[in-house]
Every structure is written in structure tokens, then in C-alpha cells.
Amino acid sequence: MSKVDVAVPVTTVPVSPRRTRSLALPAVATAVVVLAAVPFYLDRFWLTLGLFAFAAAVAAIGLGLLLGQAGQLSLGHAFFVAVGAYGYTYLAGTSRTVGVSHQGGLGLPPLIALVLAVLLAGLAGLLFSPVAARLRGIYLGIASLALVFAGQHILANAPLVTGGYNGRTVPPLTIGGFGFDDGAPGTQLLVLGVPFHREERLWYLGLAVTALAYLYHRNLVRGRPGIALRAVRDSELMAGMMGVPVTRYKGYAFLVSSMYAGLGGVLLALAFGRIVPVTFDYAMSIEFLVMVVLGGLGSAAGAIVGAFFVASLPRLLDRYADVLPGLAEPGGDGVSPAVAARFGYAIALILLLLIEPGGAAGLGRRVANRFRRNR
Amino acid sequence: MTQFLQLLAGGVSLGAVYALLALGFVVVFKASDVVNFGHPALLMIGAYTIARLGLSQVAFPLAVLGGVLLAALTGLVVQRFLVAPIASTSVVTVSIMTIGVDILAQTEITRRIGVDILSIADPWGDRVVRLGAVDVPQARVAGLVSSVVLIGLFLAWFKLSRWGIAMRAVADDAPTAALMGVPRKVISALAWTLAGGLAAVAGVFITAFPTPGLQPATASVALAAFPAAIIGGLDSIGGAIVGGLVVGLAESLAEGYEERLSFLGQGFHSVMPYAVMVLVLLVRPTGLFGTRELHRV
């Protein structure tokens with residue numbers, strides 16, 4: 001008789017931070033230094049690309065926490081990103097009438113609006129957590145679909161907040177008088193001879209926020225909450241017997257993940273400068289999931305790499321459409337860059353799951369281990 | 001009252017088609033422990049094939065047969081070559097694999113459809129049947145009849161035939177079934193093939209009148225099979241049928257009484273399946289008929 005198929009509950013690749021610490025920290029530090037130098041050397045296209053990638057990375061870290069650490073699948077991540085984006089825009093925006101549509105706004109200082117928007121996303125997560133905390137991973141995956149569709153419905157029906165289908169302009173962020181925009185007309189901010197426009201300024205904001213998000217995730221994963229979450233992921237029953245309050249920790253993971261999404265949403269809104277409701281749809285949720293899985297479940301660095309890949313791919317293909325074979329300019333024959341990008345990451349996802357389920361982080365660990373052994 | 005009956009008839013006939021979709025989804029889950037997020041893609045592949053064959057003047061029954069075969073084959077291929085190799089990892093990982101398949105298939109079909117709306121070239125057209133005071137589109141009646149027949153056949157097969165019993169054995173206790181000599185791999189493959197075929201049939205009736213036709217947005221209608229399956233309970237065949245009917249009725253009633261539900265905003269009926277699902281999950285975390293998880297310590 002052939003081998004008996006017994007479902008072995010193999011979960012994601014175990015994260016052992018201590019073993020990889022010696023390599024991970026210098027690598028991250030190098031990455032931060034390199035990224036900090038980027039605005040001095042690359043043009044606006046690359047900076048814009050980076051802004052979207054940073055925003056996606058922050059939100060992806062949150063989803064990675066939920067899926068990789070707590071083992072909860074969510075297809076509703078785009079909803080919380082939308083709450084962050086629109087929360088910030090509404091709280092910091094001012095009431096005004098554009099054409100026939102009236103848009104509301106509280107006109108709060110942008111920094112306060114940012115914090116409140118993140119809290120608002122957390123509150124939304126908390127409201128859903130009676131459902132989220134009681135469901136097993138896969139049930140939650142489908143239940144969270146409700147969030148995306150409810151979100152689309154709410155956004156389409158609240159033109160006062162969202163500006164309706166045409167969207168609304170996002171007020172620029174200012175911190176202590178320093179504006180993350182092009183600055184007052186006629187003035188120019190020069191740093192080491194390089195003019196700092198909106199993109200350069202937002203680049204540093206994105207870098208700083210992503211770095212903080214990474215550090216927070218790292219501490220959380222290494223501390224008691226991280227151990228508790230992984231225990232819940234591997235066996236709820238066992239975790240409960242060890243004294244981990246299972247329901248509370250699942251709700252907690254959902255809360256933190258939705259706040260990450262909210263923060264990513266604020267960054268995304270700032271990067272876009274103008275947001276429309278259809279951006280935050282089912283496809284966006286799926287993209288976040290792809291980022292996290294491509295990067296490697298349970299790894300924040302992996303989530304960041306995955307986010308950069310998925311967020312940049314369509315823009316890169318668009319930019320180099322004329323030199324890449326088989327790609328078409330918009331409206332022309334052939335495969336459009338957006339479609340090609342979707343093919344690209346779907347195939348990457350499938351191949352990766354077949355070959356290295358640990359994702360990019362898993363590949364990285366393999367290389368690192370080989371490197372160590374050879375030494 | 002007439003309006004209510006009208007909506008009821010519309011809801012039941014739509015619900016029967018959802019039940020067909022949810023059935024395939026649940027069968028896959030029972031037989032192979034996979035939540036198949038690629039289910040809408042199977043429907044799209046089936047419906048697209050049928051529409052394309054119809055456009056090239058192939059007779060409708062043959063076109064449907066072609067669509068069913070291609071969708072079933074796709075299900076089989078996905079199971080054999082993509083899902084089976086990683087079946088021993090976690091449920092979540094395998095489900096993410098099906099999401100990858102879904103993106104791939106949907107992107108290609110969306111690209112092929114473009115901005116068109118493909119007609120499915122069904123023989124019923126936009127004719128309606130008058131039952132008492134109620135008008136029901138012929139296509140919907142055909143959908144209801146086909147669904148009832150297919151579901152009935154499936155249930156009989158599932159309860160009585162050798163393969164049906166084998167499938168139930170695997171669903172009940174996979175290791176024991178394997179020890180008894182049930183070829184689990186064959187059972188999984190069979191479930192996926194069935195799911196593909198059923199999805200293609202459902203695709204016919206989801207794109208026929210009164211819907212305008214096959215367009216990329218059809219996939220989001222097909223997504224309603226997920227709440228249907230969850231409402232009934234992911235591992236319950238009967239639940240899938242009940243769930244499908246509940247979703248169909250809820251959607252139809254919410255659409256018909258839209259003006260009375262205006263406080264919920266425009267177009268609430270498309271959110272209705274998900275709203276019902278969340279309400280059910282709040283009360284019963286494993287759906288209406290799903291197996292409750294018992295932990296024996």
C-alpha cells in the first residue's frame with residue numbers, strides 16, 4: 001500500500017530571532033543607510049515608487065503579524081487601510097464644497113489626525129474582533145471578506161467623508177511647522193544642494209515610519225505577546241492549557257494588525273495625494289496577502305521585501321514597457337503593465353509555495369545558513 | 001404581496017444557483033481540507049468557455065458541455081499539480097495557493113473579456129414565465145430546475161454509490177479511511193473535478209438573463225458562494241444548500257425593498273450575503289450546520 005496520507009499540522013517556518021540576530025541587524029542597518037541616501041541620487045519616479053512601497057510595507061507588517069504569528073487569515077486588510085486613509089483625510093481636511101459635492105472635515109492638526117486615524121482603524125478592528133477572535137483561521141479568512149465589501153459600500157455611500165467616486169484631496173502632513181509638501185510657493189528647501197520637494201520629504205517620513213513599525217513588530221514578537229501568539233497559532237488547545245487567554249490574544253492580534261493597516265493607510269493617502277474609494281477593494285486585500293506570503297510568513301523583513309516587490313512591479317513594468325518584450329503602452333495591443341504585474345506576482349506566489357514555503361525570508365535563511373556552514 | 005412573491009421566486013431561483021456553487025466549494029473542503037479561493041475562477045473559466053463557444057456558433061448544449069469539461073479539467077489540474085504537492089502543510093498555506101491560482105486565472109480572463117459583456121447565448125433569452133401573478137425569467141426557472149436535478153443527483157451519488165461512501169469516509173476520518181484502503185488522492189481529485197463542473201453550470205445561470213452577461217464583475221457575484229458555504233457550515237453538504245438559498249433570498253429581498261432600506265445606503269443588496277454571514281457567525285462560529293469543534297482534554 002502506498003504511503004498513508006496523514007494531515008500533519010505543519011505550520012509556518014519557525015522564527016528563531018536569536019539565531020539570525022547576528023546577521024539580521026547589520027543587514028537592516030545597512031538597508032536603512034542606503035535607503036536614507038536614495039533621495040540624493042535618484043529621481044522623482046523612484047521616490048514615488050518608494051513612497052507607495054513604504055506605505056504597503058507598514059500595512060503588510062501588520063498582516064504578517066496576524067497571519068504569520070497568530071495564524072489568522074484575513075482578506076479584509078484593505079478595509080482597515082481605507083479607515084486609516086479616510087480617517088486621516090477627514091480629520092485633517094476642512095469642510096468645503098467642490099463642484100456639486102460637499103465634503104466634510106474637522107480641520108484638526110495633521111499630526112493629531114494621523115494618530116487618531118490609526119486609533120480609529122484599531123477601533124474598527126476591535127469592533128470586528130467579537131467575530132475575529134472566535135473564528136478559526138480559515139473561517140476568519142472568509143468572514144473578513146465581509147469587511148472589504150462592507151467597506152466598499154460605506155465608502156460609496158459616504159460622499160461627505162470620501163468625496164464619492166471622484167475621491168478627495170488629502171491634506172499634507174505638517175509636524176511642528178514642517179510641511180511634507182512642496183513648501184510655500186517661492187521657497188525652496190535645500191539639503192546638501194538637493195532641493196527637497198514633497199517626494200523627498202515624504203520619503204524620509206515613510207522610511208522612519210517603516211523602521212519604527214519594524215522595530216515595534218520585532219519587540220512584540222520577541223516578548224511575551226509574541227510567544228503567546230505563536231502558541232495560539234500552533235495549538236489553541238495547548239495554549240489555553242498553558243494559561244494563554246486564547247480569545248483575548250486573537251482579538252489583540254487583530255487589533256494590532258488593523259492599527260498597522262491604518263498607519264499604512266495614512267502613508268498611502270499621503271503618497272497618493274488624492275484617494276478614491278475603489279482603490280481599497282478586494283484586489284488590494286489580496287495584494288497584501290501576496291506581499292506577506294512572498295516575503296515569508298512571520299518575518300517583518302520579509303513582509304517589507306514582499307511589499308516592495310508587489311508595490312513596485314506594476315510601476316516598474318509601466319516605466320520600462322517600451323523596452324520589455326510583449327508589453328503594451330496603455331490602449332495598445334499586448335499585455336498591459338498592470339496585467340503583467342498581476343501575472344508576475346501570482347506566478348511568483350505559486351512557485352514559491354511549491355519550492356520554498358518560507359518565502360523570501362526562508363530563502364534568505366537558507367543562504368545565511370549555508371554561508372555560516374562554509375565558514 | 002405580489003411583489004413579495006415575485007422576490008421570493010427570484011430569490012429561490014438565484015439561491016439554487018448559489019447552492020450549486022457552494023456545494024462544489026464544500027465538497028472540496030470535505031474531501032481535501034482545502035478552502036478553495038479559486039472557486040470563482042473555475043466559474044469564470046467555465047462561463048467564458050461557454051460564451052466563446054456560443055459566439056462561434058456551437059450549439060448551446062455542446063457549449064455547456066465544453067465549459068463544464070474545461071472547468072472540471074482545470075479543477076483536476078490545479079488539484080494534482082498545485083494543491084496535492086503541498087497538501088501536508090497548513091490549511092492556510094494551501095488556501096493561499098488557491099488564491100494565487102485565482103489571481104492568475106481571473107487576470108487572464110479579465111484581460112480576454114476586456115470591456116465587453118459576453119452574452120452566454122442561452123436558448124431562454126429574456127422570456128419570462130407567468131406563474132399566477134408572478135413573472136419569473138425562463139433562464140431562472142431553468143437554473144432552479146438544473147440545480148435541483150444536479151443537487152439531487154449528487155446527493156444520491158454521495159449517499160449510495162461506492163465513491164460517494166468513500167468520499168464520506170475520507171471526510172469523516174481521513175487516516176482511518178486510508179487504512180481501510182480508500183485512495184484519498186483519487187477522492188480529492190474527484191472532488192475538485194466535480195466542483196469545477198458544478199461551478200461551470202452555475203456560471204451559465206449567473207450570467208444568463210436578467211444579468212447582462214459575462215463580465216469581469218461576474219467574479220464578485222460568484223464570491224457570494226463563500227458566505228453561502230459559511231452560513232451553512234463549511235463541512236456540511238446540506239448546509240451549503242440552505243446557505244445558498246438564504247443568500248439568494250436575502251439578496252433578492254434586499255434588492256426588491258431597496259427604498260425601504262434606504263437608510264442602509266444605495267446598493268445594499270450586494271453586501272447582504274456578507275451581512276447575513278457575520279450575523280450567523282456571531283451566534284454560531286461554525287455556521288448553521290457545521291461541526292462544532294469539541295476539545296476533549
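Predicted model: local features only at pLDDT ≥ 70, side-chain atom pairs only at ≥ 80, totals over all residues.
Good morning. Chain A contains 15 helices and eight strands. Of the 375 residues in chain A, 48% count as buried. Among the contacts of chain A with a separation of 6 or more, 77% are between residues 24 or more positions apart.

Helix α3 of chain A, residues 77-92, has 16 residues and spans 23 Å from its first C-alpha to its last. That is close to the 22 Å expected at 1.5 Å a residue.

I turn now to the contact between the chains. Chain A gives 40 residues to this contact, and chain B gives 42 residues. On the chain A side, the elements that supply two or more residues are α4 (110-132), α5 (137-143), α6 (145-157), α12 (282-295) and α14 (337-355). Which of these provides the largest share? It is α14(A), with nine residues. Sorted by class, the side of chain A that touches chain B has 31 nonpolar, six polar and three charged residues.

Next, a helix pair within chain B. Helix α1, residues 2-32, and helix α10, residues 225-232, pack with their axes 8 Å apart and at an angle of about 70 degrees. Angles from 65 to 115 degrees count as roughly perpendicular, and α1(B) and α10(B) are therefore roughly perpendicular to each other. From α1(B), the residues involved are B:Y18, B:A19, B:L21, B:A22, B:F25 and B:V26; they meet B:A225, B:A228, B:A229 and B:G232 of α10(B). Nine residues of this contact are nonpolar, one is polar and none is charged.

Finally, some backbone features of chain B. Most residues other than glycine have a negative phi, and most peptide bonds are trans. A cis peptide bond, with omega of about 5 degrees, joins B:F209 and B:P210. B:P210 lies in the loop between α8 (184-207) and α9 (218-222) of chain B.

B:D33 sits in the loop between α1 and α2 (39-55) of chain B, while B:Q57 is found in the loop between α2 and α3 (60-83) of that chain. Are these positions buried or exposed? B:D33 has 18 C-beta neighbours inside 10 Å and so counts as partly exposed. B:Q57 has 8 such neighbours and therefore counts as exposed.

Note on methods
Residues numbered from 1 in each chain as written. Chains lettered and ligands numbered in written order. Contact = placed C-beta atoms within 7 Å. Helix = DSSP H or I, 4+ residues; strand = E, 2+ residues; numbered from the N terminus. Nonpolar A, V, L, I, M, F, W, Y, C, P; charged D, E, K, R; others polar. Axes fitted to C-alpha atoms, helices over the stretch in contact; angles between N-to-C directions. Parallel < 35°, antiparallel > 145°, perpendicular 65-115°, else oblique. Expected span 1.5 Å × (residues − 1). Buried ≥ 20, exposed ≤ 12 C-beta atoms within 10 Å, placed from the backbone.
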